[in-house]
Amino acid sequence: MPHLIHVIDVESGNLQSLTNAIKYIGDYEVEYIHNGSEFEQKNSEIEKLVFPGVGNFDHFVKQVHLRDLLTPIREYIRSGRPLMGICVGLQVFFSESEEGVSDYRGLGYMNMKLQKFASSDPIFESKGLKKAVPHIGWNSVNEINIQGKQLAADEAYYGMNTVNKYYFVHSYAAIINSEENRSLIEKAQSEGWNFAFARYGTEKFVAAMAFENFFATQFHPEKSGIAGLQVLKSFLTGKVFEQNVQSQVQKGEKAIVSSLSGVTRRIIACLDVRTNDEGDLVVTKGDQYNVRESSGEGNSVRNLGKPVELATRYYRQGADEVTFLNITSFRNSPIKDLPMLEVLKLAAKEIFVPLTVGGGIKDMTDPETGSLVPAEKVADLYFRSGADKVSIGSDAVTIAEKYYQNKGVKSGDSSIERISATFGNQAVVISVDPKRRYVSSPSDTTMQVVEITDGSKYGPNGERFCYYQVTSQGGRKVHDLGAVELCIACEDLGAGEILLNSIDHDGSNKGFNFELINQVKRAVSIPVIASSGAGNPKHFQEVFELDCNVDAALGAGLFHREEYKVNDVKEYLQEKAGMDVRLESRFDI
């Protein structure tokens, strides 16, 4: 008989991946608890309980209150049975958060207020930069303090050690830089609490905590590859202390240099997915968004493989994230787009790193009932199928245009605002598709321009300035809006990350568009993913060496053509440049 694991579900984000991870680890089945009544009915059969959370603290805590879950959770903890919290499922055990605006408070086991990471960080300011917030990426747990003693590198606490990398995605944390918060942590330690700490820039925060039968992580173990699965397994099997559970390795003799923030250089594998002429979902790739064969194949859609198979291959090769961009754009309706939902469900069964899906996620009308389906409900379909983030492209352009028409006043009604309010801004990625437009003088446009200093790159009529004009609908429609202006608007509206493409470089294999990346990265405070143009590992080194401190880099064609594996890129970065990357050995869980 499979062991039954109960998971509290307040309908806040992707729980499918957690369920898949638990089942992957061993002979387990998962049953959800949605409210206090269900908790009471099932209480006698609960042996191990997991309390995961994604998104906005205020929304999450409000759901805990409204679903009458506070009392059952407290009683369960008092019973001495094991409970594990994940992400906001850790944060809910604190008293309050700066993210909260209502009267709803957390459970209060730790009497501390969660704070937002500061973009004005001394390490970054010394270089004229801002620290990206949210904290998105693979980071180390720098210190594990058990009963006042620090664990050695070869020791693990609940499968967690100071060698492996774990996936974090959050804007708020239990930051302990202040004397007041350090005193609160020390008091809790004297009462028997154990803590693990991580660093983001100069800010030290709680990465995990435990007390008797309770254990919680700020990172997502179900999205942290083999290292994260080990943490889940240790909780489920009750192995609190272990040795030699390292999965991270180093290639070469070069000393590893951490990034300014402390997170690794993230390599993302991207799959452009669309329906071909036979009606099958395929992975494709084109030159400046033209995905049809130019000759010899009857102008058919270029077919590079099946989405789930390729995505699983890239995960096993070491991809830090996998992105699916549905460039068919759900032309019928994402509500009825069962093939793409099925792709996510199948991928999430084998892939334990973050999954992003994009294409046509917006308010829409159900074609069968005629009723309006809001964007956050559309996004929820994909979260519940296994996605961790949604990517918004064309709709973001329309939203930004309205934002500027309204003189920068937020309506609260855009899909960006509503999705981020429910699931957190880290769940919303804006996909930007700009193309260089030359101008003779900055006065010729209201957009922020770049001065071209290399004479060989002047415009066709000798123009020495340019800006990056935004397009939509797969590059087919041009807008009177610049990439910088779009990104600034979307950040203000609640987006948490920018996927920065470049039509000029797409499919070129000549490297990333440094000019565009520098301009956008310096204009926003949220993470920026460099995309378009990667043709070899050196291109990734070059983009990560930019002074603007880009947060991640995305590759597609070089992986699809099997010219390089994902880990080829990572090993190159580590061996040639001493860059900190997540290199994970494969072993059985």
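S532 is buried (under 20% relative accessible area, against over 50% for exposed and in between for partly exposed, with a 1.4 Å probe and protein chains only), its relative accessible area being 7%. The model is a predicted one, in which local features need pLDDT of at least 70 and side-chain atom pairs count only at pLDDT 80 or more, while totals for chains, interfaces and linings use all residues. Residues are numbered from 1 along each chain as its sequence is written, and side-chain values use heavy atoms, with hydrogens and water left out. Helices (H or I, at least four residues) and strands (E, at least two) are DSSP runs numbered from the N terminus.

**Backbone geometry**

- S532 lies in the loop between β29 (528-530) and α16 (537-544), and its phi is near 85°, a positive value in a residue other than glycine.
- K407, found in the loop between α12 (394-405) and α13, likewise is not a glycine and has a positive phi of about 55°.
- With a relative accessible area of 76%, K407 is exposed.
- Most residues other than glycine have a negative phi, and most peptide bonds are trans.
- V133 and P134 are joined by a cis peptide bond, with omega about 20°; P134 is in the loop between α6 (122-125) and β7 (135-140).

**Domains**

- The protein chain is divided into domain 1 (3-242) and domain 2 (268-289 + 299-432 + 473-577), with bounds that come from an automatic or database domain assignment.
- Taken over C-alpha atoms, the centres of domain 1 and domain 2 are separated by 28 Å.
- Contact (heavy atoms within 4.5 Å) involves 34 residues of domain 1 and 39 residues of domain 2.

**Helix α3**

- Helix α3 (residues 57-66) is largely enclosed by the rest of the structure, because 7 of its 10 residues are buried.
- The buried residues of α3 are F57, D58, H59, F60, V61, Q63 and V64.
- These buried residues pack against the strands β3 (49-53), β5 (94-97) and β6 (110-116), and against the helices α4 (70-78), α5 (88-91) and α13 (415-423).
- At the start of α3, the backbone nitrogen of D58 has a side-chain oxygen of N56 within 2.8 Å.
- Just after α3, D68 takes a positive phi of about 55°.

**Helix α9**

- Helix α9 is mostly covered, with 7 of its 10 residues buried.
- P307, V308, L310, A311, T312, Y314 and Y315 are the buried residues of α9.
- Just after α9, G318 has a positive phi of about 110°.

**Aromatic rings**

- A search of the whole structure finds 26 aromatic pairs; rings of Phe, Tyr and Trp (its six-membered ring) pair if their centres lie within 6.5 Å, and planes under 30 degrees apart count as stacked, over 60 as edge-to-face and the rest as tilted.
- Among them, Y314 and F559 form a tilted pair, 6.0 Å centre to centre with 50° between the planes.
- This pair links distant parts of the chain, since Y314 is in helix α9 (residues 307-316) and F559 in helix α17 (residues 557-560), 245 residues apart.
- Y314 and F559 are both buried.
- Y403 and Y404 form an edge-to-face pair, 5.1 Å centre to centre with 85° between the planes.
- In that pair, Y403 counts as buried at 11% relative accessibility, whereas Y404 counts as partly exposed at 36%.
- One aromatic cluster is formed by F51, F60, F93, Y109, W193, F195, F197, F211 and F214.

**Charges over rings**

- A charge sits over a ring if NZ of Lys or CZ of Arg is within 6 Å of the ring centre and within 35 degrees of the ring normal.
- The ring of F197 has the charged end of K204 over it, 4.7 Å from its centre.
- The ring of W138 has the charged end of R582 over it, 4.0 Å from its centre.

**Annotated position C87**

- The UniProt annotation "binding site" (unreviewed entry) covers C87; UniProt positions are given in the numbering used here, feature names are shortened, and annotations may be inferred rather than shown by experiment.
- C87 lies in strand β4 (residues 83-87) and counts as buried at 4% relative accessibility.
- Leaving aside neighbours within four places in sequence, C87 is in contact with G53, V169, T217, Q218, F219 and H220.

Definitions and conventions:
Polar contact = N/O pair within 3.5 Å; in protein donor to acceptor, adjacent residues only side chain to side chain.
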